[in-house]
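Have the sequence and the 3D view open side by side.

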Amino acid sequence: MSLELYVNSRGWSNDHDYNWVKVTDTSQRKNRPQILRSLHISDEDPNRVIEMGISTEGRFSLVLGRSGNQLLLLIADFKSSQRTDDKGRRIRNTIALVGDNSDEKTRRGIAAKALKPPKALEGIVDKQVTNDDSNREVGFKVSSDLIEELRRFEATDSQPAKTRTEPESHPNTRQERERAADELDTHQLPAGDGVFFVMTRNKK
């Protein structure tokens with residue numbers, strides 16, 4: 001299985017604004033997931049999803065989509081518990097997981113975990129992303145353990161996808177989060193390309 005992990009965060013200094021890095025077992029380097037552009041998700045501000053006129057800026061949001069044989073799970077706006085920038089603002093972490101369809105069950109499991117209380121997934125990401133002033137390129141570092149931590153979550157079932165004619169857009173309420181988490185945990189994702197699942201609170 002090939003599952004690529006990208007993390008968007010920032011360092012403390014004003015010189016280290018938000019940037020994407022691609023994380024592997026041996027390295028991390030500045031790299032933006034190209035699938036964001038393919039799916040019309042802004043690659044300038046990862047916390048703003050423009051597909052279907054939906055903004056995720058400043059809100060926890062979750063997006064699932066496919067382009068060709070590449071499947072994307074984007075989870076935006078995990079809050080850091082301790083990290084702030086030089087103006088005292090809480091730093092946000094966003095993760096993107098990209099891979100082929102063979103990893104779908106893992107992606108669904110991670111998505112379901114992110115939607116269910118308690119905020120265990122947010123805590124895992126928070127622990128693995130830290131400030132690093134010695135990294136002059138981005139000002140933060142991501143533990144290589146994060147990808148293995150995420151791989152532990154796998155959906156429990158693979159029932160056929162529910163038939164839909166339009167992409168799903170969900171308000172970020174507790175009831176909707178629990179309902180969506182249960183469906184992602186048990187049902188396959190729809191076929192075809194495009195963004196087919198968005199959960200956010202803030203609409204344009």
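The model is predicted.

**Helix α5**

Helix α5 runs over residues 174–186. Seven names make up its buried set: Glu176, Arg177, Ala180, Ala181, Glu183, Leu184 and Asp185. The cover over these buried residues includes strands β4 (61–67), β9 (168–171) and β10 (194–200), along with helix α2 (104–115).

**Packing against α2**

Two packed helices are described by the angle between their axes and the distance between the axes. For α2 and α5, the angle is about 160 degrees and the axes lie 8 Å apart. An angle over 145 degrees counts as roughly antiparallel, so α2 is roughly antiparallel to α5. The crossing is left-handed. On the α2 side, the contact uses Arg108, Ala111, Ala112, Ala114 and Leu115. On the α5 side, it uses Arg177, Ala180, Ala181, Leu184, Asp185 and Thr186.

**Ser80 in strand β5**

Ser80 sits in β5, residues 70–84. Its relative accessibility is 0%, so it counts as buried. Beyond neighbours within four places in sequence, Ser80 contacts Arg90, Ile91, Asn93 and Asp126. The side chain of Ser80 has these polar partners:

| Partner of the Ser80 side chain | Distance |
|---|---|
| Asn93, side chain | 3.3 Å |

Key:
Residues numbered from 1 in each chain as written. Predicted model: local features only at pLDDT ≥ 70, side-chain atom pairs only at ≥ 80, totals over all residues. Heavy atoms only, no water. Helix = DSSP H or I, 4+ residues; strand = E, 2+ residues; numbered from the N terminus. Expected span 1.5 Å × (residues − 1). Buried < 20%, exposed > 50% of the residue type's maximum accessible area, 1.4 Å probe, protein only. Contact = heavy atoms within 4.5 Å. Polar contact = N/O pair within 3.5 Å; in protein donor to acceptor, adjacent residues only side chain to side chain. Axes fitted to C-alpha atoms, helices over the stretch in contact; angles between N-to-C directions. Parallel < 35°, antiparallel > 145°, perpendicular 65-115°, else oblique. Left-handed = near helix turned anticlockwise from the far one by under 90°.
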